[in-house]
Amino acid sequence: MPSTLEIKDLRVSIEGKEILKGVNLKVSQGEIHAVMGPNGSGKSTLANTLMGHPKYKVDSGDILIDGESIVGATPDVRAKKGLFLAFQYPLEISGVPLAQFLRSAYRSVKGEEKPQGKGVGGEMITALAFKKKLDEKLKEVDMDPAFAKRYLNEGFSGGEKKRAEILQMAILQPKIAIMDETDSGLDIDAVRKVAEVLSNMAGPEMGVLLITHYQRILEYIKPQFVHVMVSGRIFRSGGPELARLLEEKGYTWIEQEAAATV
Amino acid sequence: MSAKQVLDIDYTKYNFRDSDASYEYKFPKGLNREIVERISQIKKEPDWMRQFRLRSYDHFMKRHLPMWGGDLTTLNFDEMLYYASPTEKKSRSWEEVPAYIKQTFDKLGIPEAEQKFLGGVGAQYESEVVYHSLREDLAKKGIIFKDTDTALRENPDIFKKYFSTVVPPEDNKFAALNSAVWSGGSFIYVPPGINVEVPLQAYFRINTQNMGQFERTLIIADENSRVHYIEGCTAPIYSTDSLHSAVVEIIARPGAHVRYTTIQNWSNDVYNLVTKRAYAHKNATVEWVDGNLGSKLTMKYPSIYLLGEGAKGEILSVAFAGKAQHQDAGGKVVHLAPNTTSRITSKSVSKDGGRTTYRGLLHVAKGAKGVKSTVRCDALLLDEYSRTDTYPYNEINEDDATTTHEATVGKIGEDQLFYLMSRGLSEQEALSMIVMGFMEPFTKELPMEYAIELNRLIQLEMAGSVG
């Protein structure tokens, strides 16, 4: 049975202001879903709520992973259940080398690897095994190995930060990955690069929820499902043709349609 | 170091004390002239030292407590023990050390550390150094590394030439107290042109309740020599107050390079009032790397006097203040010669109502042209009950001095925590990781095993910060 992320009639507010007004969505391993929508439609709120940011309050509805509710669970618990969020604005953590951070994260999410052998020797073996994995993944996402020693996101360019997010995803191997505007702020070459890496990674083992304002990333990643979010609701769902329609006509028409139905 | 690695350390090893320690000499509480005389007599010291101690005692009695810094009102000098000696003789090898002391050091892991990393180990148990060794090849080069009492007996000329020349008893009340009752500490002499490639290390430890510890360390690096001395301190936990008041003097002769690294982790009842000062002569470099954890109150401002042209000074200080702790720390640099440079970097973390203070002095004397100096202090507050203050004093008497001062106060943001937690780290692991990252500019200057130890200590201090 593939893992699923299921969102049921989700209503979310920030500081008393309702942002999501009843969202329904189901993403399974192996599927790629794109959620598109104009600015302020609630896309990033959805991403942050799914991962458990404390600022976002779930007023009603539910979020389920494999049928189990995760509402109220802290972000680390959600990560351990196989959820991953690639941040729109990854945070800089000074003094923490990327490799060290990833090893801690890997251990937390995947469970403690038991050192093979005793004491410092066993520790060395697991450390070396992790380094090998990290080197492979750095290559996959086309990052210079020197990044492993740099402090987490500190001084990274916009494109490097986004690529580092994909690297983290590649290491943690989530069941469901939420990509929050991974294409924003990147030039077209960087978008293509990030998208290529992401499509290589998306396979039967991973479901993707791709949140984006623009259609351009969808040139390189082909979603089976496209959803349009307007004013805190998923207003329309369809296939790739819906994304093309939005690209041609923009969001105004669908916003007007949505306004008319309220 | 990952946060996870750090978690499985049994930290109870620092919270023990020996019940059956038998003391050769143990005086009643409090201090008077007779006790000072008696200390000198037991140590069979030359008359000049006896007189030095008495002169220091007299000054201690009439000198006021500092009118600034932390709260010293509950410090009761009459309740302290000023001297205790567990064994009369010093042991040359580990085998000769009495079993109960050995157990203590075993718990601290010293012999293993020595095998792997150390050039020489001086381990101080109460007032007397009971174990001392120096790798033979170092000794052959003429390097002296022994406890200060032994150096006074065996190397009287060089001892007398430098002792108390950097910190006179009249410097402050605690320097006077130390000068009156000092016992133990490390004495290092490095001959001209010798590079001591491995760090020299000493461990200090307070075991007896209300035991004052007054070690005296003197380091002389002769011309164009190089040495790194490391001192680690731990104290078991007692409910009443103890006093640690050390004096450290460093003389870096022309072209010499001295680094002095300390990580102190005192139990919460210790007053840690230390005077550390270095003279850097022409083209010499002195570096203080100073980490302060634990204690009730620490007042410590490692200082460097840049006496000769081209001398360099660097002070790297970190402080971690938890509940009911005040870390009043910083650094002093006095530029007395042209083209001297200095850098002070201070990092502090306060939590659970703890308080950190940065107190620094930058002095550029008239005639010291072409001085460059950088001061940077960063404070991290982990909750709204904690406090941090910065008191930078600048006395710049030359117009062409290039000085910069930067100070930041940070808090850990909700978004940073969310980011780390979204990768599977618990809230406490995420907090620890941010704090360890904040301390990293300091940690990376430490030898590996000290860096690991410091991260363990931070991890331990962070335990229980959540919820």
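**Figure 1. Helices α3 and α5 of chain A pass each other in a right-handed crossing.** In this predicted model, the axes of helix α3 (residues 98–110) and helix α5 (residues 158–172) of chain A come within 10 Å and cross at roughly 35°. From α3(A), the residues Leu98(A), Leu102(A), Ala105(A), Tyr106(A) and Val109(A) take part in the contact, and they meet Ala164(A), Gln168(A), Ile171(A) and Leu172(A) of α5(A). Sorted by class, the residues of this contact are 8 nonpolar and 1 polar, with no charged residues.

**Figure 2. Four strands of chain A form an open sheet with antiparallel pairing.** Read across the sheet, the order of the strands is β2-β1-β4-β5, and the edge strands, each of which pairs on one side only, are β2 (17–28) and β5 (68–69) of chain A. Strands of a sheet pair through backbone hydrogen bonds, either parallel or antiparallel. Between strand β1 (residues 4–14) and strand β4 (residues 56–65) of chain A, which run antiparallel, there are 8 bridges.

**Figure 3. Chain A as a whole has 8 helices and 10 strands.** Its C-alpha atoms fill a box of roughly 70 × 40 × 35 Å when taken along the principal axes. The radius of gyration of chain A is 19 Å, which agrees with the value near 18 Å that a compact globule of 262 residues would have. Of the 262 residues of chain A, 44% count as buried. Among the contacts in chain A between residues at least 6 apart in sequence, 71% join residues that are at least 24 apart.

**Figure 4. Ser231(A) and Lys44(B) each have a positive phi although neither is a glycine.** Most residues other than glycine have a negative phi. Ser231(A), with a phi of about 45°, is found in the loop between β9 (225–230) and β10 (233–238) of chain A. Because it has 17 C-beta neighbours inside 10 Å, Ser231(A) counts as partly exposed. Lys44(B), with a phi of about 55°, has its place in the loop between α2 (33–42) and α3 (47–62) of chain B. Lys44(B) has 9 C-beta neighbours inside 10 Å and therefore counts as exposed.

**Figure 5. Asp378(B) is a buried residue in strand β21 (residues 372–381) of chain B.** Asp378(B) counts as buried because 21 other C-beta atoms lie within 10 Å, where the cut-off for a buried residue is 20 or more. When residues up to four places away in sequence are not counted, Asp378(B) touches Lys347(B), Thr408(B) and Gly410(B). Ala180(B), by contrast, is 198 residues apart from Asp378(B) along the chain, and the C-alpha atoms of these two residues are separated by 37 Å.

**Figure 6. Chain B touches chain A through 23 of its residues, which are in contact with 25 residues of chain A.** On the side of chain B that touches chain A, at least two residues are supplied by each of α1 (3–7), α10 (414–421) and α11 (427–443) of chain B. The largest share of this side, 9 residues, comes from α11(B). By class, the residues on this side of chain B divide into 11 nonpolar, 6 polar and 6 charged.

Key:
Residues numbered from 1 in each chain as written. Chains lettered and ligands numbered in written order. Predicted model: local features only at pLDDT ≥ 70, side-chain atom pairs only at ≥ 80, totals over all residues. Contact = placed C-beta atoms within 7 Å. Nonpolar A, V, L, I, M, F, W, Y, C, P; charged D, E, K, R; others polar. Pairing = 2+ DSSP bridges. Axes fitted to C-alpha atoms, helices over the stretch in contact; angles between N-to-C directions. Left-handed = near helix turned anticlockwise from the far one by under 90°. Rg over C-alpha atoms; globule rule 2.2 N^0.38 Å. Buried ≥ 20, exposed ≤ 12 C-beta atoms within 10 Å, placed from the backbone.
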